[in-house]
Amino acid sequence: MMVTPPVHWTDFDSPLGPLLLTADPATGALTSLSVPGQKGGRTVQDGWRRDPTLFRAAEEQLAAYFAGELKDFQLELSTAGSEFRERVWAALDDVPYGSTTTYGEIAARIGASRPAVRAVGGAIGANPLLIVRPCHRVIGADGTLTGYAGGLERKIRLLALEGTLPDVP
């Protein structure tokens, strides 16, 4: 019988509130970053092991990002999603700091059909690595600030930090 190692976690105070970070204890790869009240976000469970030392690089980079000094995260990431979701999440990694894209553009980048835009939106909404994997940079085709699992107010704050808050029609 395989024994699953406990999830390692820490929290980090940010301008968006406390962030919950989890990592693979064997590799140190970041597996999730959640905000309080996040749709589908993680919460600390019994048996999890608090291990702040595992998250030093993530904390340093998050602090630099929120200070406006970091534009690209250089962290090892590990997610477990379907092949489709992994393709969508990888496309998010290619959306540069200071820019936005649309759900349709993400669908086109991964070679998904036009009707797949809704599925792309679902995959983006299930992104387990908020901020680090920049799903906040995805907006509606008409420029509207559509949903964000961490809450629309947080999306607005992240886009404002990056200087890309679009004019809302």
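Contact here means heavy atoms within 4.5 Å. The structure is a predicted model, in which local features need pLDDT of at least 70 and side-chain atom pairs count only at pLDDT 80 or more, while totals for chains, interfaces and linings use all residues. Residues are numbered from 1 along each chain as its sequence is written, and side-chain values use heavy atoms, with hydrogens and water left out.

Setting aside neighbours within four places in sequence, Leu62 is in contact with Phe12, Leu19, Leu21, Leu33, Phe73, Ile131 and Val132. In the largest nonpolar core, which has 41 residues, Leu62 and Ile131 touch the most other members. Such a core is a set of buried Ala, Val, Leu, Ile, Met, Phe, Trp, Tyr and Cys residues joined through side-chain atoms within 4.5 Å. Buried means under 20% relative accessible area, exposed over 50%, and partly exposed in between (1.4 Å probe, protein chains only). Two or more core residues come from each of strand E2 (17-23), strand E3 (30-34), helix H1 (56-66), helix H2 (83-93), helix H3 (103-109) and helix H4 (117-125). H1 gives the most, with five residues. These elements are DSSP runs numbered from the N terminus: helices (H or I) have at least four residues, and strands (E) at least two.

As for H1 itself, its buried residues are Ala58, Gln61, Leu62, Ala64, Tyr65 and Phe66. Their cover includes strand E1 (8-14), E2, E3 and H5. Just after H1, Gly68 takes a positive phi of about 80°.

Next come the charged pairs. Four salt bridges turn up in the structure, each a side-chain nitrogen of Lys or Arg within 4 Å of a carboxyl oxygen of Asp or Glu. One of them joins Asp11 and Arg50 (2.9 Å, N to O). Asp11 sits in strand E1 and Arg50 in strand E4 (residues 49-50), so this pair ties together parts that are 39 residues apart in sequence. Asp11 is partly exposed at 35% relative accessibility, and Arg50 is partly exposed at 44%. Another bridge, between Arg87 and Glu83 (3.2 Å, N to O), stays within helix H2, where being four residues apart separates the two by about one helical turn. Here Arg87 is partly exposed at 31%, whereas Glu83 is exposed at 55%.

The bridge between Glu162 and Arg137 (2.7 Å, N to O) links distant parts of the chain, with Glu162 in the segment after H5 and Arg137 in the loop between H4 and E6, 25 residues apart. Both Glu162 and Arg137 are buried. Glu162 also takes part in a side-chain polar contact of 2.9 Å with His136. A polar contact is a pair of N or O atoms within 3.5 Å; within protein, one must be able to donate a hydrogen and the other to accept it, and residues adjacent in sequence count only if both atoms are side-chain atoms. His136 lies in the loop between H4 and E6 and counts as buried because its relative accessibility is 0%.

Finally, Thr102, in strand E5 (residues 101-102), is buried at 15% relative accessibility. The Thr102 side chain reaches the backbone nitrogen of Glu105 at 3.0 Å. By contrast, Asp142 is exposed at 55% relative accessibility, in the loop between strand E6 (138-139) and helix H5 (152-161). A polar contact of 2.7 Å joins the side chains of Asp142 and Thr144.
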